[in-house]
Amino acid sequence: MQLRLFTCEVLYSGMGIPRSPGAIVLSDELVVATGSPEELQQMYPQAVFAGHHKVIGPQVANAHTHLDLSTMPFMEKPYTAWIQEVIRFSRSGQRNLDAALQGLSEIAPKLGDIVTEESVMEFLLQQEGLQGVAYWEVIGLNPEHADKIFQDTTARLRKWRKMERPNGMKVGLSPHTPHTVSGKLMKLLAQFAQAEGFPMQIHVAEHPAELEFHTTGTGPLAESIEGFSGLKTREILGHDNGPTVVEHLDLLGVLQARPTLIHVVNVTESDIQRIAAAGCPVITCPRSNHALECGTFQWPVFARYGVEIGIGTDSKASGQTLNVLDEIRFAQELYGEEVPLRSLVRAAVKGNYRILGLQVPFLRRGEPVQNVHFWEF
Ligand SMILES: [Zn+2]
């Protein structure tokens, strides 16, 4: 039996801290050993050197995307202008199953997808080979509509839960953002999700205009939302302006439901402490944040407070591709020494798998070689 030795810049076995540099010895069918290159060269002198790779690890997962925007062109413009493009795209009827199927053909089969069409939800739940969570997106600015939307949402989620397959995608819930979902509805949804065990993702403090919307009730987002809805920011929030986006969610008791918070770029250190204390994981989408002029996710601060970090591409319309390895390459350029490649790799595997409620496949002696993935970027 011929053994092969591979070396790499980072080796992640799915357990503990990723090793740098790393190595792995494989037989034709199984993982024989993982360790440092020197260790494994000494232990397996008969193994043939078979190549050096950037990263060797389990298959990556993509914790946050919007498959139904996969046919919308990639655009770099400020968040508030980009959202208008999304609204136009949605109204044109193109945010549909065809767009989602296009996205599915380009993405790793372990994913967290934000779903806006019933046909997409039903397709994802029935599709063999996919794992992760399909989060049903809910929008509802007007607190007067909260009860009706809530009833409708709970009925849908309960119906879809019955369609889940044993090893397939699970149904989740995504109250879109704290500025597009009234405080009243947000609270109802979070209580429901917590009580019935539906995983949640919420877009939080993506762009500086959101923080302004919450704290002062002014700025481009507040103006545009007031313009089309006739609602003041405090009517949507259910309290006076002042609290940050994260403080607002905490006031409503939403953080207690431990939703996954997406983006969390425009947050203070005390917000990050609140997120850590509540035990909420977060997902960063560095390329999307860059394209929409949102600012930079404070990775080192979140890491210092021990927050579980995952990494997603967001949609192709703001992240350009659905490949998490592209995201990691961009994050390396963005953070340099501040965030080591080891941390990015761990986020793309353990962070993402945990957020999606999946078991991380281990690379250890006796595991099948199919679990071993060579990441090139
Ligand atoms: Zn998103």
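Helices (H or I, at least four residues) and strands (E, at least two) are DSSP runs, numbered from the N terminus. The model is predicted, and local features need pLDDT of at least 70, side-chain atom pairs count only at pLDDT 80 or more, and totals for chains, interfaces and linings use all residues. Residues are numbered from 1 along each chain as its sequence is written, and side-chain values use heavy atoms, with hydrogens and water left out.

Pockets were located on a 1 Å grid over the protein atoms alone, a pocket being an open set of points where a 1.4 Å probe fits, with protein on both sides within 12 Å along at least five of seven lines; lining residues have an atom within 4 Å of a point. The second largest pocket has a volume of about 290 Å³, a volume being the space filled by probe spheres set on the points, which are joined across faces, edges and corners. Its lining comprises 20 residues, of which Pro-199, Arg-258, Thr-260, Arg-354 and Ile-355 are the closest to its centre. At least two lining residues come from each of strand 7, helix 6 (183-196) and helix 16 (341-355). For the largest pocket, the volume is about 840 Å³. Among the 35 residues lining the largest pocket, Ile-83, Ile-87, Ile-139, His-176 and Thr-180 lie nearest its centre. Helix 2 contributes the most to this lining, with nine residues.

The zinc ion is coordinated by His-64 (NE2), His-66 (NE2), His-203 (NE2) and Asp-314 (OD) at 2.1 to 2.4 Å, donors being N, O and S atoms within 2.8 Å of the metal (3.2 Å for Na, K and Ca). Along the chain, these donors follow the spacing H-x1-H-x136-H-x110-D. His-203 in strand 9 (residues 201-204) and Asp-314, in the loop between strand 12 (309-311) and helix 14 (316-319), are 111 residues apart. His-203 and Asp-314 are both buried (under 20% relative accessible area, with exposed over 50% and partly exposed in between; 1.4 Å probe, protein chains only).

Seven aromatic pairs are present; rings of Phe, Tyr and Trp (its six-membered ring) pair if their centres lie within 6.5 Å, and planes under 30 degrees apart count as stacked, over 60 as edge-to-face and the rest as tilted. Phe-6 and Phe-374 form a tilted pair, at 4.8 Å centre to centre and 45° between the planes. Phe-6 in strand 1 (residues 4-11) and Phe-374 in strand 13 (residues 373-375) lie 368 residues apart. Phe-6 is buried at 6% relative accessible area, whereas Phe-374 is partly exposed at 33%. The pair of Phe-297 and Phe-302 is stacked, because the ring centres are 4.6 Å apart and the planes stand at 20°.
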